[in-house]
Amino acid sequence: MSNLLKQNSFYRFSFGNKKYVFFSGSQRILEISSPLMDAYFTLCTGNETSDTMSGSEIAQITASLNVLCTPPERPSTEPRQDMLTLNVTHGCNMACKYCFASTTQDRKEVMPMSVAQKAIENMLEANPASNQYTIYFFGGEPLLHKSFLHEVVAMAKEEIVGKRGKKVAFLVNTNMICKQ
Ligand code: SF4
């Protein structure tokens, strides 16, 4: 069906008992929170017939999701710093041979909160005009330090949403098998 999202524009996955979809264009993740959305993505992958949804429902959902499949437009002349990558830790619960991450001495080490705070302040000072900021948790395995992530999320929301009325999105680079 031509009015469905292209199969290669998203990737569905589960975490815990929830289902999500990752959009490669915008690098965003959306929770699939209703049976209708679940049926829609199943339809997009060609595993179901269109009898399960009406044409207008399909068109409406596709229209609302199209924006997530497209990289955000950036003015080419004006460099912006509205995305921040925090290297939370060099530690990881895995030991992939090709990777710099450590399963031993670095595993408990985590970025000091003061560094995260300063980095967020720098991003906001460098680009005060942006309406949306993104904070990307990188590692190692960032989910080894969930309390750090929670603290940064709360601080960023206070600074960006609470004080400035802007939006903030969070991304996590994870191996998805961290149980801590
Ligand atoms: S950070 Fe990723 S690639 Fe590196 S050891 Fe952990 S799981 Fe493997």
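Me: How much space lies in the largest pocket?
Reply: About 940 Å³. A pocket here is an open set of points on a 1 Å grid over the protein atoms alone, where a 1.4 Å probe fits, with protein on both sides within 12 Å along at least five of seven lines. The volume is the space filled by probe spheres set on the points, which are joined across faces, edges and corners. The model is predicted: local features need pLDDT of at least 70, side-chain atom pairs count only at pLDDT 80 or more, and totals for chains, interfaces and linings use all residues. Residues are numbered from 1 along each chain as its sequence is written, and side-chain values use heavy atoms, with hydrogens and water left out.

Me: Which residues lie nearest the centre of that pocket?
Reply: Phe13, Ile29, Leu171, Val172 and Thr174, out of 25 lining residues, where lining means having an atom within 4 Å of a point. Elements giving two or more residues to the lining include strands E1 (10-15), E2 (18-23) and E3 (28-31), and helix H4 (146-162). Helices (H or I, at least four residues) and strands (E, at least two) are DSSP runs, numbered from the N terminus.

Me: How do the lining residues divide by class?
Reply: 18 nonpolar, 4 polar and 3 charged. Ala, Val, Leu, Ile, Met, Phe, Trp, Tyr, Cys and Pro count as nonpolar, Asp, Glu, Lys and Arg as charged, and the others, Gly among them, as polar.

Me: Back to Phe13. What does phenylalanine 13 touch?
Reply: Phenylalanine 13 is in strand E1. Leaving out residues up to four places away in sequence, it touches Lys18, Lys19, Tyr20, Val21, Phe22, Ile29 and Met176, with contact meaning heavy atoms within 4.5 Å.

Me: New topic. At what angle do H1 and H2 pack?
Reply: About 85°, with the axes of H1 (residues 35-44) and H2 (residues 55-65) 11 Å apart. Axes are lines fitted to C-alpha atoms, for helices over the stretch in contact, and angles run from 0 to 180 degrees between N-to-C directions. That makes H1 roughly perpendicular to H2, a label for 65 to 115 degrees.

Me: Which residues make the contact?
Reply: Leu36, Met37, Tyr40, Phe41 and Leu43 of H1, and Glu57, Ile58, Ile61, Thr62 and Leu65 of H2. They divide into 8 nonpolar, 1 polar and 1 charged.

Me: And which residues are around the ligand?
Reply: Cys92, Met94, Cys96, Tyr98, Cys99, Ala101, Gly140 and Asn175, each with a heavy atom within 4 Å of it. That shell has 6 nonpolar, 2 polar and no charged residues.

Terms used
Parallel < 35°, antiparallel > 145°, perpendicular 65-115°, else oblique.
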